[in-house]
Every structure is written in structure tokens, then in C-alpha cells.
Amino acid sequence: MKNPLPWFLSVLIILAWSAYELYPPTSRPLLAQFEREAENTQDPVFKEILAKARELDAQGTANSFQNLLSAAGTNSLERFFPRIDLTTAKETNRTILNRLQRDALGQVKLGLDLQGGMSFVVQMQTNELKRSEDIERALDQAVEILRRRVDKYGVAEPSIQKTGGDRIEIQMPGLTESEKDAVKRQIERAAFLEFRMVHPESDRMLADGLVPYGYEILTEVRRDRKSGREQSIPMLVKKKPERGLTGKFITSAFPEPDPVTGEPKIAFEFNDEGAKIFAELTREHSPRQGGPAGTQYSYLAIVLDGVLYSAPRILGEIPGGRGVIQGSFDIKEAYELANVLMNPLEAPVKLLEEYRVAATLGTDSIASGIRATLIGTIFVVGFMLVYYFFAGVVANVALLLNIFILLGVMCAVDATLTLPGIAGIVLTAGMAVDANVLIYERIREELAAGKSLRGALSAGYGKAFWTIFDSNLTTLISAVIMIQLGNGPVKGFGVSLTIGICVSMFTALVVTRLIFDFLLSRGWLTSLKMLSLIKETRIDFLKLAVPAFILSWSLIVIGMGYGIYRGKDVLGVDFAGGDAVTFAYKQKVSVAEVRDALAKAGVNDATIVPKSSPGGGLETVQVVVPFGEGDKVQAAVPAAFPNAGLEVTQVDRKGPSVGAEIQLSALKATVLALFGILVYVAFRYEFSFSIGAVIAILHDVLMTVGWFFLTGRQLSAPMVAAILTIIGFSINDTIVIFDRIREDLKLGVRGSFRDLINLAVNQTLSRTIITSGTVFLATAALYVFGGSVINDFAFTFLVGILTGTYSTIYIASAVVLWWHKGQRPVIGPVQTPTAPQVQPVRA
């Protein structure tokens, strides 16, 4: 570098910024944050609240948020936190604790798969809303309403956002099992409250079997107070609310006991506009005197989410804007219903996806992920030290800085760290040294050609730059597509991989160069020693191209044929839809025993898949059933084996339409990745090279999927990430060989095109094996130590690494040779042929 100072300062600034973004990495306990930010902490009331909250925390029956609310009771916390803005707060204590929870959060955000919790995707039924602006407004309103509903559970960072034209995604980390069920009920319930008129001759018309236009039959269920028996009473009720009177006019709703029966009922109050409408409606339909039947009464039906709860008789004008809903509630249902009435939706919602993870699985996933990351990094660091000596030390410094900066950038962009994201970091550790390997092998060649150390370093970095750029950019194409088209875990992997690729280029090309230049300028570096396990080779690889090609595609036909034979069994919940319930156990239960228990519960169409990791960790069994039958599985299996210690660690529920969408998204992602690589390689190299690269990639994908099928595994969304990563990795290695072929063609190296390709493969054989080897070591650590959740992903990528390395030589290179029918293509300006190469350049 001619002027290293700006580069050196930029490295320092990036490191300082990364450290700032990373601190503090983990969250503080809420009680500690409560005590830390409070003023007047010596106040006896504050001390009493804190002591009671700690006592409740020790009991473990609720989270710290709920415990602090209970401990505070009727005491306002405002005087202890005067700096918190409460201008728009409806509930002072809840607002203060929500703010404290946000302040206590660490910079590293963990996904649901790492900390436990649940997520939903709901679809709003917008059929009644005609205009697009009405739909958009209803969705925005629904996001805010759902947020208010779930705020009561004290989740530090609930994520509620629109994810499509009519869909909303809700993520709730760190909930107890009882809270998860309550949250689900809160979200699914639209609380679409309507006040409709009952037909004045409802009984007679129903007896005659008549349903006039604009009316429908709804049934009220009444319970006899003495006998407890329920009676169903049908009524003719208008389809639309009277005068547009709906729940949107309600300002408050609360449960209270009925003074006669003692059963819970829900009292509500209207705002001024609603009270005016209610008064006019009840005045208009007040009792009328006279007629053969005497006094004529009107009935007002109270309809909630399409269900008739009650139809009270209108006795006169009700000017106060108050009313009650009576029904067969218990006290818990009454409280939940009052909460949703306070936050009604304009249109009902339908549950499309549900995903639950128990805290135990999250804890195990974190431990497995950290273990795999450390072991994978140690493998790569150890290899670089042994093989490249001091140059390996420099590469390892760059690797550690790469991981540090990667985490800093992820925190800066508010990226969520998921288990696939950890897999992305592990793979980044393996792939980060690839650039260094390319540079070092180039430096080795320049030193062998007789250049000085400074000249060899300059030439090595210069000649390796475009190879590194091309190979990383093609991998980046796949990573960006994951972000754009992938769902949660796939997107998380894409984010970590994208950041890792960009940062690894910076550390490999800038940080290592700064270190070498500094040491050279001081005279502290006089030589670079490296091992050379693979000496100069003269292998005729293309001699086996035809039989290798035939063997490869035969294996692909076998693997894909077996996948077709397995049928729908190869599709997991992500692709086929359905419910997947995962159990952890203390005492192993056989697949046959689980199947028998499910059959007794009326669940016959079940796929049962035991899951484990070679390196130990939590062992689980997954039961996949049709959509909507997961609740039966959760009840039946633990009940059938009470001594097995079965615990539900994960529930993944996807409707059939969602599975079809994920299939389409996966297909789009794969086609786009292949097309992007085809265009880029054709632009940078030659069209035949892009054809060879794409055919090799298709070979790698199909071979990997075939082996995946042969081992009895099921396709899932993370598999899309694995396949797209294989696409990126496969082209990465192919680019290295294509770059050398192009270079030799431009230099005019003599010999047939077949000889030139063999020469290029031999020249790059060492780096091909080393770069694939480092990624293989990192992935092997992920496979053995990463836990059962990520095992399928790691297995897929292991097969992809081996297949990708093989296809670069025997598929991509062979296709280019056959495309040109053995003739040398013309690439770039033709130079005067050099003397014949007696031996290939040392690898």
C-alpha cells in the first residue's frame, strides 16, 4: 500500500465502532434495571416493592415484569421514574416497566429459536373492505391493536409488523407455556363487536321457515341458573350493525359479577359519539303500546365475532352510553374478552402459521451453537497455524477481527441472531480464510518464480484480488436472495452470511496487507515459510471426465428417484403445511409406541422422526401431522408415556397455503441465484464458462438433495438456505479454476485446450483442497456439535462441499471443454505464445 495511514485509521475506527455497537452484548435483569434507573430508592415504598418483586421472582411463577406489577399494586411508580415521559400513557406502571425492559436489552438480539417464545402469522379477512386504503388503514390499526393486547404480558421486545398484502407477523420471546396459550387466544380473537336489531317477528318467521333479505339466523345459548342446563334459542338478526354501532366506539370494558347470579359479565362504555348513537337507537326502539299483543318490545342483539351472546329487551332510552354483555363466561375468559374489547379489530384474523420454542430448547441451542462456533474456529485457526506458520497467525488475526466486526455490524443494523445465523457465522469462519489461502498460494508462486518478498506480496495481493472479488460476489448473490425471498431463519442466515462475506474481504485484503507491510517496513519480516503438502502435480483429470460425468448423474437419478418414491414424506411442514410437534425426553420411546399412542387418539396420518446430534445435546422426536391436529399430539403423547419425561420443546404449524408459498419462494430463489450467476460469469469470463458453472451448480444441488433423500430426511425452510449457500460455495471454487484458465489463455500458454484445463486444475489443486478443507472443518464442527436442530442443515452443506469440490474439476471444466469441442476459445487480447510448459506451475 502506497499510503497505509488512512487504511490503518479506518481499521481502528471500524473496530471502535463495532465495540460500541456490541456493548452491552447481553440483557440486564429487569429487577437490576429497575433498581438502577430509579430515584428515591431509599423510600420505604420502593424498598417494599423491590423486596416483594424479588420474593415473587424466586418463586418462579411469573416473569419479572408481572412480578413488579403485582408488587407495586395500587402504588404508582411515577415518582420513582420522573424522567420517563408518560404524556400518552394509559397505564402508568405498565408504561414505565415496558420502557425499563427496552433499556435493559442487550445489543445482541436473540431469535425465538435461541431464547424461546412464539410467533404467529395471521391473515386479516379484508373481504368487507373494498378500497386499498381501507385495507392498509385496517392493517396499520391491527398492528397497533395487537401490540396493545400483548403488551400486558411484559415481553421486552415484541415484534409486530406487516409482512404482506394482508398479513401480520407477531413474535413474542420469552413466554411461559400458560402465557403462550393466552397470547394465542388474544391474537386470534378479532373482538369484532356489533349491535344488531332482532327481527320484530323473529319467532313467527322462524316457525314458518322464512329468512327475510338482510337477516341471518344466530343462536343464543342461555344457561338455567338452577339446573345449569343450556338452552339454544335461534333468532333472526340483521346482518349489519344498526346505525354502524360497533366496538370501535367503546372506550372501556371490564368484568364485573352479576348482582343476581354472581356470574361474570362484561360492562362497557361508549365514547361520546357512540353514546349518542346508542341513545338514539334505544329511543327509536323503545316499547310501543297498543296492538293485539299489547306492549311491543324490540330486542338488541349483541354479536361478538359472529356469535350471539345476548339479545336484551330495550325498555327505553339509555342515555348514559353504558351496557353489559352477558354469557357463559368464567372469570378468566371475562378478563381476556374485556382486554380484546378494549382493542377491537376492524376485521377478523385467521391463523396461518404458529411457531413455539420452549426455553429449554433455546438454552440447548445457544450452548450447542457456541460450542460449534468455538470448535469450528479452533479447527480453522489450528490448520492455518500449522500449514502457513506466521502467515497463518496473520490470517487468524484477520479471522478473529472478522467475527468481531461481523457481530458489531449485526447489532448496528438490528439483525436478530438465530440458530441458522450462528451457522452462518461458523461458515464465515471457514470461508473467511479462503481469501487468505488464495493470496498465500499466489505469494508462494511468486516467491518460487524468484521475486523478492515485497514483490511477491504485492503481486500475490494484486493477482488474487479479482479472483477473490468474483468468488465472493457470486456467493453474495445467493446471500442477498436469501434476505429478499427467505422467511425468518433463512433470512437470518442470509444476513449473517452477507455481512460475513463483506467483512471477510475487508479483513483479508486490508488488515492482513497492513500487517505485512508494517512488518516489512520495520525489517521484522524477511521470509515467509509455508508447508507444501501437495507438490507440483501433473494429473490428467479430464481423462476420467466422461466416466465421472456418467457416474455422477447416475447417482443423482438414484437419489432423486428415491425422493419421488418417498412421495410427500420428503416434504416437511415448511413445504407441505401441517403441524410439527417436537418432544424432548428423559426416557426414550420407540417410534412404534408413539404411533400406537397417536392411533388411539385418532391421529393416523403421522410422520415420526427421531432427531439427535453426533456430538450429544438434547435428543428429540418430531411428530408431523395434518394442519390443526397438533393439539391432539401435544395432549396424547405425554399422557401415554407419563414416565418418559416428555416435554414439548417446539411447535411449528403452517397452513397448506403457506407451505405452497414457501415452495414457490424456494424455487424462485434457486432460479434467481442460478440466473444471476449465469449472467455474472458470462459477463466476467465467457459464455461457455457460465454454462459450465450453472451445470456444475445444478449437479451439486441435485446430488446434495438426492443424498438428503437417501438418508431419510425431510425438506425444510433452512434447507433452502443450505442449497443457496451450496450454490454460492460451488461457484466460488469454480471461479478460482476458471480464473486460472482465463489467465493461461491470455498468456498464450501453448498446448491443447484440454492440456490447458488440466494445467489450470493442477496449478490450483492445492488451494482447492485447502479452501474446501477449511470450510469442511467448520461445517463438520457444526454437524457434530451444533445440536439436533441444525443437524440437517450441516449435513446438507457437508455433502455440498464435497460435491462442489468434485464438480469444479469433473463437471464444470469438462462442460467448458466439450462446449468448445476441444478447441481453444479466444479470451481477451491474443498474446504471442510462450514457450511450452514442461511442468505445471507448483500448486
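These notebook entries record what I looked up in the structure.

**Model and conventions.** I worked on a predicted model, in which local features need pLDDT of at least 70 and side-chain atom pairs count only at pLDDT 80 or more, while totals for chains, interfaces and linings use all residues. Residues are numbered from 1 along each chain as its sequence is written, and side-chain values use heavy atoms, with hydrogens and water left out. Helices (H or I, at least four residues) and strands (E, at least two) are DSSP runs numbered from the N terminus.

**Helix packing.** I first looked up helix 14 (residues 419–448) against helix 23 (residues 717–747): they pack at an angle of about 10°, with axes 13 Å apart. The axes are lines fitted to C-alpha atoms, for helices over the stretch in contact, and the angles run from 0 to 180 degrees between N-to-C directions. Helix 14 is therefore roughly parallel to helix 23; angles under 35 degrees count as roughly parallel, over 145 as roughly antiparallel, 65 to 115 as roughly perpendicular and the rest as oblique. Contact (heavy atoms within 4.5 Å) is made by Leu427, Leu438, Arg442 and Glu445 of helix 14 with Thr725, Val736, Asp739, Arg740 and Glu743 of helix 23. I noted 3 nonpolar, 1 polar and 5 charged residues in this contact. Here Ala, Val, Leu, Ile, Met, Phe, Trp, Tyr, Cys and Pro count as nonpolar, Asp, Glu, Lys and Arg as charged, and the others, Gly among them, as polar.

I then looked up helix 2 (residues 30–37) and helix 4 (residues 64–72), which pack at about 50° with their axes 9 Å apart. That angle makes helix 2 oblique to helix 4. Leu30, Leu31 and Phe34 of helix 2 meet Ser64, Phe65 and Leu68 of helix 4. The division is 5 nonpolar, 1 polar and no charged.

**Aromatic pairs.** I paired rings of Phe, Tyr and Trp (its six-membered ring) if their centres lie within 6.5 Å, with planes under 30 degrees apart counted as stacked, over 60 as edge-to-face and the rest as tilted. The count comes to 25 aromatic pairs. Phe195 and Phe268 form a tilted pair, 5.6 Å centre to centre with 50° between the planes. Phe195 lies in strand 5 (residues 193–197) and Phe268 in strand 9 (residues 264–270), so the pair ties together parts 73 residues apart in sequence. Both Phe195 and Phe268 are buried; buried means under 20% relative accessible area, exposed over 50% and partly exposed in between (1.4 Å probe, protein chains only).

Phe549 and Trp818 have ring centres 5.3 Å apart and planes at 75°, so I recorded them as edge-to-face. Phe549 is in helix 17 (residues 545–566) and Trp818 in helix 26 (residues 791–819), so this pair joins parts 269 residues apart in sequence. Phe549 is partly exposed at 23% relative accessibility, and Trp818 is partly exposed at 37%.

I also found Phe383, Tyr387, Tyr388, Tyr440 and Phe516 linked into a cluster by ring pairs.

**Charges over rings.** I required NZ of Lys or CZ of Arg within 6 Å of the ring centre and within 35 degrees of the ring normal. Arg513 lies over the face of Tyr461, 5.1 Å from the ring centre. The charged end of Arg713 sits over the ring of Phe795, 4.0 Å from its centre.

**Backbone.** Most residues other than glycine have a negative phi, and most peptide bonds are trans. I noted that the Tyr23 to Pro24 peptide bond is cis, with omega near -10°. Pro24 lies in the loop between helix 1 (4–22) and helix 2. Arg243, not a glycine, has a positive phi of about 60°.
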